[in-house]
Amino acid sequence: MSHLIVLIPIALGLGFLGLCAFIWSLKTGQFDDLDGAAQRILDDEEAP
Amino acid sequence: MTCCGASLPDLPATGTGDAAEIDDTINGGPRITAFMVPSMHCAGCIRKLETGLSGLSGVERARANLSTRQIEIIWRGNEDMPERIGKRISSLGFDNHIVEADTDQDDELRRKGRHLLLCLAVAGFASANIMLLSISVWSGAEAETARLFGLLSGLIAVPAIFFAGSPFFSSAITALSARQVNMDVPISLAVLLSLFMSLYEAMIGGGETFFDAGVMLLFFLLIGRTLDHLMREKAVSGVRSLARLIPRSVTRIDEDGALCRADLASVEPGMKLRLLPGDRFPVDARVIRGASAADRAVVTGEAGHVPVGPGDKFEAGVLNLKSAIDVEAVSDAQTSFLAEVMEMMKAAETSKGHYRRLADRMAAIYTPAVHILALATFIGWMVITADVKSSLVAAVAVLIITCPCALGLAVPVTHVVAANRLFQEGILMRDGSALERLAEADTIFFDKTGTLTDDELCLDEKPALDDSMAAVLHALAAKSRHPAAQAIAASYPEAEKAGLTGFVEHPGIGLEACWNGSRLRLGRLDWVAELDGLSFDPEAGSTAFGIEGGRGFSFHLTSDLKPDAASAVARLGAGGFQMAILSGDSESNVKHIAAETGIEQWHANLTPRQKVEKIRDAGSNRRVLMVGDGLNDAPSLAAAHVSLAPASAMDVSRASADFVFTRPSLLAVPFALNLSKAANRIVRQNFALALAYNCIAVPLAVAGHVTPLVAAIAMSASSIVVVSNSMRLAVAGGRASAVPKLSETAPTLTPMTPPPAGIAA
């Protein structure tokens, strides 16, 4: 029983962290252009 | 009156730009304009566009979005910047169309979308964690652990349900306060009842809790609702952009001949007005002095020039092209042609709003049925057992089980998959209801110019001219902006030595000039034939070129059919659709195009009002799909049951159409129709599946056998079934056009041949 007291808050905390990460990424517009992000990685900034 | 037609300076045609627009633009803060660039498809395109546009003076930032195929540009400067940016994008090798500016309404819509996504995230988090706790309870945890987990679940569920359920609760409250019942009422009831019941159970530590069912219900429903919301493309009101065509102020000619600026609203019939080249008629008016040319595209959809002379009457919105004219108003601003068109569009848009979506129609039957069933279960259990708690549990189970998870997902998922499929083929969809309406269409009306045909004219046959004559003809034709002249100029090579003098353009008749002392004419056949020593075969064409005392040539100018127009029509004909052409063009032209495409019914010389009337007449017993692009089609696009417009269409028409296709091929029309029918089939299948699920699950719920475990499994299973069924649409429908897939046109990297081993070593 005692280990549950430790584990459950950890599990919930990790889940909550994930939720916060999602909300943050949503607010910073990271879901605005999913296809573009996939392509931009191919673009070499230093290319002539 | 101080002015008369003869003394008016013959100003050069200024084109479509409003030369007299004295509206000062505020060149203050940066502004944002978005362009649709359908052919953008890879990292190279993004880079090319962004760097190419950032180099343009006045552009602060350019950011391409590959998902929406749009590029957003932040700029400072004059009103003509968007036009210049558009030209730059074209010169970079991309087709582009300007996207209507954002409005408050769009902001509101976007905020709502964000909120839904947030609710979805919270519901997802909560349901995952509660499910984790529930599974251990179901697999037989000790009573003490079960109780702890129940309380924990409650702790997560209460804030999650109140936050994530807010879209449903507020909608249910709105419906109830209007004394109506919508789908959200049983949803809210089920979620809240199960929450309070489970809380009670968790507190006293007795029976089973339904926390997971409630939160999962919200999660599934929010998926459907979010998808549905994402579909709703900006529904820009077409009426607003049409109003932009009307100048806000006019130049009035007073009794004593003085010119003064006046407000449009002050114009009364009988008032005399001065129109400069580039001005649009502010009201319907009769010309009293001056000669010019006008573009009546607003009325007819044809970009041709018509002669303007005293006594001619023109509609509001017609563009004066060549020289200043004086007109006498015959209507005021409220009763003008353009005001009438706007009125028609408003009426059409409101009547379209009455269309009820399939899901809503289903909900109207479903919702009362669910309520009655739950109530009957409660009463039945009360009669049999006289135990309030177990009766309530059974009733809540009915509400949860019958909750339209599958229904709420079935339609939006299908529509999203269909919209993606259409997007791949270059067709943009306004909302899900448009797809449903498209599937119902059985009659198709086409506009001619710009829809079935290209806007530009071209020479059917090129008469053989010797080099010097060809050079002269080019030089003469190149002096005019008339589409026919431009088509002729484009067909003959440019040369240096053509020495033309005394050039005159007679609007609606032709061009005249002197060359080596003899008169040259290019224009209407009978007019050119007036020159000495010229005769033509009237069968050979309607436009002629001749030199006094020399030879004459005639041309046959046609506008080209769009690629695949005939095959698209043939395909639609095979599909059993009735088709007709509604055109504002002359009878002979329409007849010609009708014969070429194989459309049997056609109507020529139609005003926008007559087009709408034709659609209304047909609409009494048939569902009309209107395909059109011109300004004159805007009301008919709005009035038709469903409408399609090419991306090259006027923005008014684009805004009032339900679908916009961005590729030139007309095969988009049969493709969209087929896909809409496939989507409709799948939606109906999904309804059938959901119904079958209810047939099995509802008796269980009424009998009181639904435990939280059964509810969780049943809900997820039915949702998975309908979603996977919808996914089948992703491969349905075939290809819209012969255009190779984007990935196929993407430049392939040619691997560098490795140097011979000997050199490298």
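Helix axes are taken here as lines fitted to C-alpha atoms over the stretch in contact, with angles running from 0 to 180 degrees between N-to-C directions. In this predicted model, helix α14 of chain B, which spans residues 432-440, packs with α23(B) at an angle of about 105 degrees, the two axes lying 8 Å apart. Since angles of 65 to 115 degrees count as roughly perpendicular, α14(B) and α23(B) are therefore roughly perpendicular to each other. On the side of α14(B), the contact is made by B:L435, B:E436, B:L438 and B:A439, and these meet B:A672, B:L673, B:S676, B:K677, B:A679 and B:N680 of α23(B).

When residues up to four places away in sequence are not counted, B:I400 touches B:A190, B:S194, B:F210, B:A213, B:L217 and B:A711.

Between the chains, 17 residues of chain B are in contact with 17 residues of chain A. On the side of chain B that touches chain A, at least two residues each are supplied by α1 (43-54), β2 (59-65) and α3 (104-138) of chain B, and the largest share, 8 residues, comes from α3(B). The residues on this side of chain B divide into 13 nonpolar, 3 polar and 1 charged.

How values were computed:
Residues numbered from 1 in each chain as written. Chains lettered and ligands numbered in written order. Predicted model: local features only at pLDDT ≥ 70, side-chain atom pairs only at ≥ 80, totals over all residues. Contact = placed C-beta atoms within 7 Å. Helix = DSSP H or I, 4+ residues; strand = E, 2+ residues; numbered from the N terminus. Parallel < 35°, antiparallel > 145°, perpendicular 65-115°, else oblique. Nonpolar A, V, L, I, M, F, W, Y, C, P; charged D, E, K, R; others polar.
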